[in-house]
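Morning, everyone. I have one structure to walk through today. Please bring it up on your screens.

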Amino acid sequence: MTKRELPSPDLLRQLLRYEPEIGKFYWRERRPEHLDGLFADRSRDLVWRVNSWNRRYAGKEALKQVDYKGYRVGKLLEFTMAAHRVAWAIYHGEWPRDQVDHIDGDRSNNRIANLRLVDNSENLRNAKLPVTNTSGHIGIGFHKRMGRWQAYIARGGRQVFLGYFTDIADAVKARETAEVEAGYHPNHGRRQSI
């Protein structure tokens, strides 16, 4: 493993036990070769560090810190890693090539059944309601000058105008219809993480 290369899924499996049904990780006991090269070439010191590490961490939950975006993360070897990406690598045997989406919108829910590999545009079609939204519905806003509700949706990397409506319920219906046609996830526009 070079300095900039992520650890292989096989090495991850040696260091962590992943429980895919509950989405949690636990530290496995370390062996001297797991720490070799991280410290000075003193075998007695290395054995002491391994034993000390094992007494302190082996069997305990890993990757449990929550970052400012709500994702579970943790330090592993020389990297800070996102738990959902580590879960994917351990379970599927390869690092994800694109984004890993939390289907239910809960960024701390790393059950394998809740994770799917998507590109950026697909990931954006499973977004929660932005905190800046004032209408209570994603893709709906009030146009003051027109005195009507307007609906819009993103398709093919651009915003598509769906029309002006006097009643917000009509704007919401137009938006929902467009979401189905564009293949948006049913959770798109949820009010909060589940």
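Predicted model: local features only at pLDDT ≥ 70, side-chain atom pairs only at ≥ 80, totals over all residues.

Take Trp 27 and Trp 53. How far apart are the ring centres of Trp 27 and Trp 53, and at what angle are their planes? The centres are 5.4 Å apart and the planes stand at 85°, so this pair is edge-to-face. The cut-off for that label is over 60 degrees.

Now place the two rings in the fold. Trp 27 belongs to strand β2, residues 24-27. Trp 53 belongs to helix α3, residues 43-57. The pair therefore ties together parts that are 26 residues apart in sequence. Trp 27 and Trp 53 are both buried.

Trp 53 has another partner, Tyr 57. Here the ring centres are 5.2 Å apart and the planes are at 40°, so the pair is tilted. Trp 53 and Tyr 57 are four residues apart in α3, which means about one helical turn between them. In general, an α-helix has 3.6 residues a turn, so residues three or four places apart point the same way.

Are these two residues buried or partly exposed? Trp 53 has a relative accessible area of 16%, so it is buried; the limit is under 20%. Tyr 57 comes out at 29%, so it counts as partly exposed.

Trp 27, Trp 53 and Tyr 57 make up one aromatic cluster. Arg 30 lies over the face of Trp 53, 4.1 Å from the ring centre.

Next, helix α6. It covers residues 168-182, which is 15 residues. At 1.5 Å a residue, the helix should span 21 Å. Its end C-alpha atoms are 21 Å apart, so the two values agree.

Which residues of α6 are buried? They are Ala 171, Val 172, Arg 175, Ala 178, Glu 179 and Ala 182. These residues cover an arc of only 130° around the axis, so they sit on the same side of α6. On the face turned away from that buried side, we find the exposed residues Lys 173, Val 180 and Glu 181.

What covers the buried residues of α6? The cover includes β9 (140-143), β10 (148-155) and β11 (158-165).

Asp 167 caps the N-terminal end, with a side-chain oxygen 3.2 Å from the backbone nitrogen of Ala 169. Just after the helix, Gly 183 has a positive phi of about 80°.

On to helix α4, residues 83-92. How many of the 10 residues of α4 are buried? Seven are, and the helix is mostly covered. Among the buried ones are His 84, Trp 88 and Ile 90. Just after α4, Gly 93 takes a positive phi of about 80°.

Last stop, Asp 98. This residue lies in the loop between α4 and β7, the latter being 99-102. Its relative accessible area is 34%, so Asp 98 is partly exposed. Asp 98 and Leu 117 are 19 residues apart in sequence, yet 6.5 Å apart in space, C-alpha to C-alpha. Leaving aside neighbours within four places in sequence, Asp 98 is in contact with Arg 85, Leu 117, Val 118, Asp 119 and Asn 120.

Notes. Residues numbered from 1 in each chain as written. Heavy atoms only, no water. Phe/Tyr/Trp six-rings, centres within 6.5 Å; stacked < 30°, edge-to-face > 60°. Helix = DSSP H or I, 4+ residues; strand = E, 2+ residues; numbered from the N terminus. Buried < 20%, exposed > 50% of the residue type's maximum accessible area, 1.4 Å probe, protein only. Lys NZ or Arg CZ within 6 Å of the ring centre and 35° of its normal. Expected span 1.5 Å × (residues − 1). Arc of directions from axis to C-beta. Contact = heavy atoms within 4.5 Å. Polar contact = N/O pair within 3.5 Å; in protein donor to acceptor, adjacent residues only side chain to side chain.
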